[in-house]
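Subject: Structure handover

Hello,

Here is the structure I promised to pass on. Please open it beside this message and follow along.

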Amino acid sequence: MGGDSNFFDKLCFWRKRKTSSQEQRTLYVNNKIPDEIDQPTKLPKYADNRIKTSKYKIYTFPFKNLFEQFRRIGNTYFLCVAIISFSIDSPVTPWTSTLPLLFVIGVTAIKQGYEDWRRHVEDNKVNNVPARVLREGKMTEVRTRDILVGDVVEVSIEEQFPCDLLLLLSSDPETKCDVTTANLDGETNLKTFFCPEGTHHLQTPEDLWHFRAVINCELPHANLYDFKGRLDVYRGNSEPTKSSLSTENLLLRGARLKNTDKIYGVAVYTGEETKMALNTKMTRNKFSTVEIKMNYYLIFYLIVLLTEVTVCTILKYELYSLTKEDNMWYMENKNFNGEGASFEGVSQDFFSFLVIFNYIIPISLYVTLEVQKFFGIIFFNWDDDIQCPQTGERAKANTSDLNEELGQVQYLFTDKTGTLTENIMNFRHCSVAGKKYVNVDGQIRVLNEYSTRSEPLPTLPVELEIFLETLALCHTVRVTANSSKAKDDFTHKVEDGEVLMKFQYQASSPDEKALVEACAAFGVIFEQQIGNQLTLDFRGQKRTFTRLQVLEFDSDRKRMSVVIKDNASGSIWLLTKGAESSVFKKCKFLNDYHRQVYELTNNHINDYAMIGLRTLAVARRELTPELYEQFSQDLNKARQKLDGREEAVTEVMNRMEDGLTLLGATGVEDLLQDGVQETLESLRVAGIKVWVLTGDKVETAVNIAYSCGHFKKFMTVLGLTGIQDSEGASECLARCDEESKDDGHYGLVVDGASLQILLEHLQEKFYEVCSRCTAVVCCRMSPKQKAETVRLVKKSSENPVCAAIGDGANDVSMIQEAHIGFGIMGKEGRQAVRCSDFSFARFRFLKKVLLVHGHWYYVRVSTLVQYSFYKNLTFITPQVFFAFWNAFSTQTVYDSLVLTMYNITFTALPVLVYGLFDQNIPSDLLMSRPHLYKANAKNASMSWSTFFMWIGFGLWHSGVMYFGLMFFYLTDQPSLPFGQTIDLYLFGTTLCNICVYVVNIKLVLVARYYTQFFIWSVILTLVFYVALCLLYEGIMIDVLENYEIFWSFYRMYESAWLQFASIFLAVVCLVPDVIHVVFQSLSDERVLEKRRERKRQRNINLVPVKGYFNESFDPSEGDGNVWTITRNESWRENAMGPSSRKRSLEKDSQDRQTISTGRVSIKSTGSLKSDIGGQSPSESGSWQGTSVVI
């Protein structure tokens, strides 16, 4: 790819770095300043080569970790409550608020501390790897961490580069080296890097020690594909020799040296400033809709809490202001006197109520949710169904923060090439000088457009020779000998439809590789490249060329060019290939012949696009030596600029590419991936609108849209293409708007140029039209436009959840912009995978990722959040009721142990296990019935109605528990042995006992998938609760001050009446829940599926009919029973419509007539098998049937 930093900055969200007053970096080779320049006071100091992925140090861990944890509003809230409880005369021990907070903070700190310790271990391994550095004229072994900017480093074959190095010297005689960057971008093909021109005289390490040079380059940034600089070499002259530096000169840390024995490079970026390190610091600011809604719930409960506290405080002082206070001589109110309430007293009471009511906020929610997401994503990575069968690559989640968001997708934006298609290119057609040619089994044949037949070519026409030669030279493909087939003449031998190759080609673009391989199959073989010398074998004739310049492809120009010199004739040619929209406008049409070629080529390109081929236009221009020399000087000057280099280089390249002569065009096939059609249809049924964003031309994209099922035959496809100005855009959009208002199914096609105008002037109206369309295709899209399109939908008034999926660097912008980004592990590198949230190998895996994993994750997390709030509401509301019974004295109804352990142990484990394993609907049912995905659309399980339903259950349970138990107490029935009386602590113990059982059984009723893990989690939780209460209330412990609660749990079991009350109240509490579950089961998809299956079986009747057809029937063949299969007419009418009955009866009559004259064969089992119009199997008896009913 080209090196456009502005372009790449839009692709990824990189971490903001500290701004520097310097605009560029200056470094000196070997850290020695040449004598010819003014020496600065001191050498500039840069970062060392230490890699640090850890976040903490031993002495900073407590402070930094606590700071990060208390950035969460929940933790800060509980910290404030803990501080308040220590600051006032708390009604309960302050440890009831402090211990749960310490537990949550401690668990999180241990987890994060362990993870950071592992990072320290890995950092030390990397930083202490030995490296060889040129010091004092000889190679010295040092630790990698000790390499400094300016040091000359030696790297041998198969070793990784320890920092970002500028290549100075290579053992390869062509001053180049091969490198694999798989660790950086996932690309497995080898890349070639070159020494700058100013270093070609260097031969040995001694030369390097005496080498005097200054490097000026840009400041560190994360773009792997952009490096700009200048090398000033001093060789005894006052003026240095200047060479431009680019990406092909910079060896990146993490890459590995291949096919080259040894190289030497100078350290340019080290440590945290290497491109690899900067790429590991990408920030993600994506939050799930569940997480956002959960914050609203927290605010709601905070308002409820403050309301309860305020009301109780006011009622307390209102009560104590009445004359009845005189009769309550046993109530000592220190906070009220005859002069009225004091500020100190009101504050004490207000905060006391706050302390005993604050448990309405579930303190364990954050840690439970974090653990659930962390372990839950492991099942995604382990899923064998989304593992690539060819490569064995498993799906990977780069974040666990968005698990539940997979179940909320409403819009999917997808790339085409490599995402919907295989990205395996095959050359199929080409147009040369207005004639069509076709590839037939590795041979190029001319196509007769009238008969659509191809004819062989005895000799290649001159125009076709020029065309193939241009394709064989206009590329950046690397060639290596294929040792396994080195003796095969691949231009004539064919195996299984594929030409046998004696050369292997490696290219960053599958299109380039397909074109070069096709040329080789046609006899124009790109044999080798030595330096800038290229060798072609043109059907047995050797031709050599010198490559003078490469004008790289970029997404703005949409074309690439090379400048070559024919060594035989000395002529210089500029060869260009690219999108026809960019190439045509650079072509000159001097006469009627040129215009005719243009018109025919354009028509042929449209024909290729209609059959779904990827098209490229090919052109060339001859340059005089003087003109090329001028262009070369201008280009070198532009490349030596550090500021504005891209604009200057682009301007020169555009001038060079003016005045081209059109040669023709190519049509390359990119096959659809398996399962694309089924996946797109499933997503449509699931209510997900799919937009295809591609760089292909309109005709190609539309054809692919039809072939993959994105566009349906019954759809009305609207077009917004070819728009030139805002007025035309307004008119076209108005027509589409009017037409799309009618009932029906609509698709929309828009091209990049039209989209730009629509987004600038008619954004809202454009989105309205798009929102009415089932399928949208956007063509000729730049990466920036892809991101803008995603943002258009994402920021609309509906606020839909958007997902984007792609496989290449040009897709990263939309992947980062969407709420959820999917990366395809394809053939265009791993940029998309690295920047995505989830990645997998094939597009069809998206079906299970969304419909199954997304559904499960969302149901689990939403239920976990709702249940967490419910259980705390159920637990603490009796405390509010009790305030009215104790004259608002801030007396707690629960013991301190219960307040401390309720969220930590009494209710935490079952909901965590539920969040990991529950499957409310089986995966096969979710896959076969995609419409079930819509049940959770728009965050349905986190809606306010659902939220208040859970609140209703919580209030009912707490009300029944408290007032029911109070009723049983008022009857004075729960007698105890030895005449003991029932006290407050026994009441609180019984109330807590009922609450723990009810909330855990409630979760059992909510669950739909009972695994052993879940069942044992509930059992162990209840067993632990009973054991802890028996221990705590059975032994007096001075530190715990459990004297008042002593033996209460035992006394509860001594009273049969209390046992009956507990069971009875628990049952009454759960009656509405059971009814709700029963009503839910009526619409449960599993139950409905069983009903459908029974109905299908009832609609098929097997009626045994005994009959003899003719004399040739052999009884040994069977018992003569023929099974007549009929369907109920009611079923037929329901399935096909009322009017179908007549047609079906006519059809049955015709079938009977047809079968009565056909041949019939019957096997020994007596089953019937028709073989109409053919011969019966030899092993079966046969006859002329007279009447068969099916």
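R559 stands opposite G578 in β30. The two belong to a pairing of strand β29 (residues 559-566) with strand β30 (residues 572-578), antiparallel and joined by seven bridges. Two strands count as paired if DSSP finds at least two bridges between them. Helices (H or I, at least four residues) and strands (E, at least two) are DSSP runs, numbered from the N terminus.

Before going on, some ground rules. This is a predicted model, in which local features need pLDDT of at least 70 and side-chain atom pairs count only at pLDDT 80 or more, while totals for chains, interfaces and linings use all residues. Residues are numbered from 1 along each chain as its sequence is written, and side-chain values use heavy atoms, with hydrogens and water left out.

**The eleven-stranded sheet**

β29 and β30 sit in an open sheet of eleven strands with antiparallel pairing, in the order β21-β20-β19-β18-β32-β31-β30-β29-β28-β27-β26. The edges are β21 (453-455) and β26 (524-530); each has a single partner strand, so one side of each lacks a neighbour in the sheet. From one strand to the next, the twist averages 35°. Helix α12 (residues 510-521) packs on this sheet. It touches β18 (421-432), β26, β29, β30, β31 (614-623) and β32 (661-672). Contact means heavy atoms within 4.5 Å. The direction of α12 makes about 50° with that of β18. Axes are lines fitted to C-alpha atoms, for helices over the stretch in contact, and angles run from 0 to 180 degrees between N-to-C directions.

A433 lies in the loop between β18 and β19 (435-440). Its phi is near 55°, a positive value in a residue other than glycine. A433 is partly exposed, at 22% relative accessibility. For this term and its relatives: buried means under 20% relative accessible area, exposed over 50%, partly exposed in between (1.4 Å probe, protein chains only).

W1047 also deserves a look. Its phi is positive, about 70°, although W1047 is not a glycine. Find W1047 in the loop between α31 (1012-1032) and α32 (1048-1054).

**A covered strand**

Strand β13 (residues 262-269) is mostly covered, with seven of its eight residues buried. Strand β4 (residues 152-156) joins β13 through five bridges, antiparallel. There, V155 has I263 as its bridge partner. Strand β5 (residues 164-170) pairs with β13 over six bridges, also in the antiparallel sense. S170 stands opposite I263 in β13.

**Salt bridges**

The whole structure holds 46 salt bridges. The term means a side-chain nitrogen of Lys or Arg within 4 Å of a carboxyl oxygen of Asp or Glu.

- D151 pairs with R135, with the closest N and O atoms 2.7 Å apart. D151 is in the loop between β3 (138-143) and β4, R135 is in strand β2 (residues 130-135), and they are 16 residues apart. D151 is buried at 5% relative accessible area.
- D658 pairs with K586, the closest N and O atoms being 2.9 Å apart. This pair links distant parts of the chain, 72 residues apart. K586 is buried at 12% relative accessibility, while D658 is partly exposed at 34%.
- D737 pairs with R772, the closest N and O atoms being 2.7 Å apart. D737 is in helix α19 (residues 726-740), and R772 is in the loop between α21 (763-771) and β36 (775-779). Salt bridges that share partners join D737, K741, K765, E768 and R772 into one network.

**A buried asparagine**

N403 is in the loop between β16 (396-397) and β17 (411-414). N403 is buried, at 2% relative accessibility. Leaving out residues up to four places away in sequence, N403 touches K373, I377, F838 and Y857. N403 and I377 are 26 residues apart in sequence and 7.1 Å apart in space, C-alpha to C-alpha.

**A nonpolar patch**

F287, I292, Y296, I299, I303, W944 and F948 make a nonpolar surface patch of about 710 Å². Patches are made of residues with over 30% relative accessible area and no salt bridge; like charges are joined within 9 Å, nonpolar side chains (Val, Leu, Ile, Met, Phe, Trp, Tyr) within 5 Å. Accessible areas come from the Shrake-Rupley method with a 1.4 Å probe; for residues, only the protein chains shown count as cover. The largest share of the patch, four residues, comes from α8. Y296, in helix α8, is partly exposed at 47%.

Best wishes
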